[in-house]
Amino acid sequence: MSASLALLPLPLQQQQQQPSDDSMMEVDLGTKVNQNEGEKPCLVKIYETADESGAPAPGLEGVKLNDVVEVIGVLGVDPRLALFQSGQFQEGEEVTQEDLANNPPASQVPRVHVIVGRKVQCYQHLMEEKFARNPVALALRQDKAKLEAARAKAVDLVARHLQGDRLAAEYLLIHLLSSCRRDAGANTGIVVGKHALNLTGSHLSGKECAALEALLRSLVPRCQSLPLSLQKLNAWPLWPRKDYRVSRLVGGPLLLADQTHLLLDETQLKEGQLAQVGVQNFQALKNLMENQTLEADFQFYRLPIPCNVPITVVSTTKSLLPCDTCVQIKPQHQQEAAAAGSPSEADLNEIRAYLAHCWLLDYAIPEEVSSVLQQDFVQQRQKDPRSVGAEHFHRTLTLSRLLAQSHGEGTLTVETYKKFCHMEDLRKAAQS
């Protein structure tokens with residue numbers, strides 16, 4: 001019976017002493033990427049079933065790179081689980097870096113022998129049957145007035161973190177609902193629904209970005225922040241790459257689970273020169289934004305990995321990265337921006353349930369609405385053929401859909417489309 005290996009963060013019971021050997025530090029590096037405080041890596045052993053099918057543990061069929069999984073298994077921390085457990089090495093025999101990578105000390109990287117498991121989708125806990133019976137979820141599904149009230153609470157909360165700018169809050173709210181799909185093959189198909197948002201303002205700094213990160217972490221299931229400074233960009237590759245010394249794929253900060261909201265802090269980017277790795281990091285970010293793919297470097301070739309990562313860039317001026325929408329934050333009166341204190345846990349739960357409800361809605365565009373959109377697109381293209389093209393039309397469809405979903409609507413109406421056009425007029429006026 002064979003087994004495959006994976007990596008999974010576990011709660012850290014106590015701080016582990018780091019190994020002093022340099023080679024072991026390099027081997028460990030791949031397990032520490034995107035590791036949050038209070039977590040530690042582990043080796044997850046997924047065994048094939050005993051029958052002739054050779055299927056993996058129940059619930060884990062079709063697991064691919066960077067899937068989030070939930071498993072039940074036997075935890076192993078016995079030191080004998082390390083390198084010499086199998087007896088494949090004799091005393092005095094040379095141990096390579098690959099051997100160390102595949103058999104790390106169990107005190108630092110425990111083993112979990114899986115009995116049963118499942119892949120965890122975004123908002124998985126809100127799809128469970130017990131949540132379907134939740135009074136808040138039921139009220140949002142059955143009462144449009146309560147859904148609109150929850151939406152108003154969400155806009156108020158987000159605006160409070162954007163100096164009271166409610167227009168910027170509207171754009172960030174619908175951005176939180178964004179998700180992309182591919183119409184054809186996983187690697188070659190056209191990406192539909194992708195969206196990258198740029199929030200700009202000369203007053204913005206790392207402090208505001210940290211507050212925004214805390215807000216996103218309190219609202220969405222998955223969030224990751226990344227400061228974009230010259231030092232960070234030039235320090236280490238952001239993309240995954242194969243380390244042939246240890247025969248393993250080393251992760252990178254951009255290798256994220258689907259529907260992880262990535263917050264880029266560009267306020268830290270100052271004048272200077274990008275080194276070669278910095279230029280490649282910038283190109284990797286650009287490719288992730290435009291195509292929702294991340295290339296894994298296998299030295300002799302690059303393998304594109306399909307992604308589904310909504311991106312928000314915070315910057316003092318328009319971002320150097322190709323964002324789909326740029327919104328300039330206009331600070332409002334101090335009293336309006338600072339109104340009320342921190343939201344209650346009940347309000348946060350209501351907003352989370354609202355976001356989950358809207359994100360999970362099935363969506364369609366009626367034929368008559370599609371005709372109106374196409375006619376408007378033709379007219380806009382006749383007026384400005386240079387800037388109005390296929391990408392502009394795709395962005396209009398995407399944001400109109402997200403605005404409709406934010407109001408709990410499963411179909412796009414002409415009224416919602418006109419409302420989005422009004423938002424666009426206000427956004428462009430704020431930038432002029």
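Ile115 is found in strand β6 (strands are DSSP runs of E with at least two residues, helices runs of H or I with at least four, numbered from the N terminus). This is a predicted model, in which local features need pLDDT of at least 70 and side-chain atom pairs count only at pLDDT 80 or more, while totals for chains, interfaces and linings use all residues. Residues are numbered from 1 along each chain as its sequence is written, and side-chain values use heavy atoms, with hydrogens and water left out.

Ile115 is exposed, its relative accessible area being 53% (exposed means over 50%, buried under 20%, partly exposed in between, with a 1.4 Å probe and protein chains only). Together with Ile72, Val74 and Val116, Ile115 makes a nonpolar surface patch of about 360 Å². β5 (69-76) and β6 (111-119) are the elements that give two or more residues to this patch.

## The five-stranded sheet

Five strands form an open sheet in the order β10-β13-β16-β9-β17, with parallel pairing (two strands pair if DSSP finds at least two bridges between them). β10 (223-227) and β17 (325-328) stand at the edges with a single partner strand each, so one side of each lacks a neighbour in the sheet.

β10 runs parallel to β13 (residues 261-265), and five bridges join the two. Leu226 has Leu264 in β13 as its bridge partner.

## Helix α12

Helix α12 (residues 345-359) has 15 residues and should span 21 Å at 1.5 Å a residue; its end C-alpha atoms are 21 Å apart, which agrees. The expected span is 1.5 Å times one less than the number of residues. Buried residues of α12 include Leu348, Ile351, Tyr354 and Trp359.

Note on methods. Patches are made of residues with over 30% relative accessible area and no salt bridge: like charges are joined within 9 Å, nonpolar side chains (Val, Leu, Ile, Met, Phe, Trp, Tyr) within 5 Å. Accessible areas come from the Shrake-Rupley method with a 1.4 Å probe; for residues, only the protein chains shown count as cover. A salt bridge is a side-chain nitrogen of Lys or Arg within 4 Å of a carboxyl oxygen of Asp or Glu.
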